[in-house]
Amino acid sequence: MDLKSLCDKFADYQVKQRRWFHQNPEVSTKEFETSTHIKAELDRMGIAWRNCGLQTGVVAKIQGRRPGKTILLRADMDALSVNEETGEIFSSRNPGVMHACGHDCHMSMLLTAAAMLNELKADFDGTVVLAFQPAEEMGVGAKSMIEEGVLDGVDAAFSMHVWSDLQAGTISVREGAAMASGDRFSIDVEGVGGHGAMPHVCTDAAVICSAIVQNLQTVVSREISPVETAVVTVGTIEAGTRWNVVAGSGRLTGTTRCFSNEVREHFPEMIGRIATQTASALKGKARLTYDALVPPVINDQGMARLVQSCAREVLGEKACVDYPLTMVAEDFAYFEQKVPGVMALFGIRNEACGAVYPQHSGCYRVDESMLIHGAELYAKVALSFLKA
């Protein structure tokens, strides 16, 4: 049986699985029911699995007829702390939790691809590894799976992310940088508090925090090459307790984004220097805490071209589009640091079915009819890589 015939066979299964995942969302590191459901489906297919990654990750293997190369296909599992507003009949049963980023689609596509590949295992050489990854939204799931051996013996990796800005039936497969790094920082500021009427005997932490925010704007404008793209965003400012009290302490938190590992390595020094010296100039102190969460997604050229070729076969000759670089981060980047890999953006936007809302929206919808072709593409890429 060929892949097109298997699409017809498993189309209803794809929809059923997606809707189950959508109705039962779980946040990062708490994907217990999700994990149990995936294991049960793999057991039903007769596909061997093991626990891998935090407490909920699952890795399974489909062995072909003879030894050969190994490719990993990955889907993330976690949902968001978002209240669903879609009104769908399969809306979230868990108040305040929703698959508002499409991870329900990813899991159902990979499970469906697993069913397809399992039926074809007598026709290919090599091994397909299926990685159901927890905690992508926290940036820790991929790293945990790698630490527990998910990439042992793996030659390449492939993943997709459904994307609300891309029309259904299209896909973006960039060569090289595709998605940004995503790191977090906090700056704790120490001043001397006192009466709001006597600022001259105090060291105002609110003023220091404000000055640091302003001066951090020079990181991108004056310390990074104009040909590089980068972001330094301060997301929160906390200082002060009362309207007539000079703040004695303060705290800033923010994020950095870039497409270059070299630029990323310099962020802590640049931010720390500006924060501490700005505070010192204003008679205070500042301390930087920098959490390097997720590196940039940098797609392998050879794998990208293989995926582009497969996408044209599955979705049509005009399916491949060039979506601009996005500052969104994805911890699939950790897989790509170890093996050649590709993260593709899979279009699910369709005005006709209300799939027009952005990722992370409580109204987020997808063109569900396209997901079977996502499953087909997972399988097609695996078969093409193993045969190449």
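Predicted model: local features only at pLDDT ≥ 70, side-chain atom pairs only at ≥ 80, totals over all residues.
**Valine 97.** Residues are numbered from 1 along each chain as its sequence is written, and side-chain values use heavy atoms, leaving out hydrogens and water.

Valine 97 sits in the loop between β3 (70-76) and α3 (103-119); helices (H or I, at least four residues) and strands (E, at least two) are DSSP runs, numbered from the N terminus. I listed its contacts (heavy atoms within 4.5 Å). Beyond neighbours within four places in sequence, valine 97 meets Pro25, Glu26, Val27, Ala79, Leu80, Val82 and Ser92. Its C-alpha lies 7.2 Å from that of glutamate 84, 13 residues apart along the chain.

**Cores.** Next I checked the nonpolar cores (buried Ala, Val, Leu, Ile, Met, Phe, Trp, Tyr and Cys residues joined through side-chain atoms within 4.5 Å). The largest has 69 residues; Ile71, Leu73, Val128, Leu130, Phe132 and Phe158 touch the most other members. A second, separate core holds 27 residues, including Val154, Met179, Ala333 and Tyr334.

Back to leucine 73. Residues up to four places away in sequence aside, leucine 73 touches Leu110, Leu117, Val128, Val129, Leu130, Ala131, Phe158, Tyr378 and Ala382.

Key: Buried < 20%, exposed > 50% of the residue type's maximum accessible area, 1.4 Å probe, protein only.
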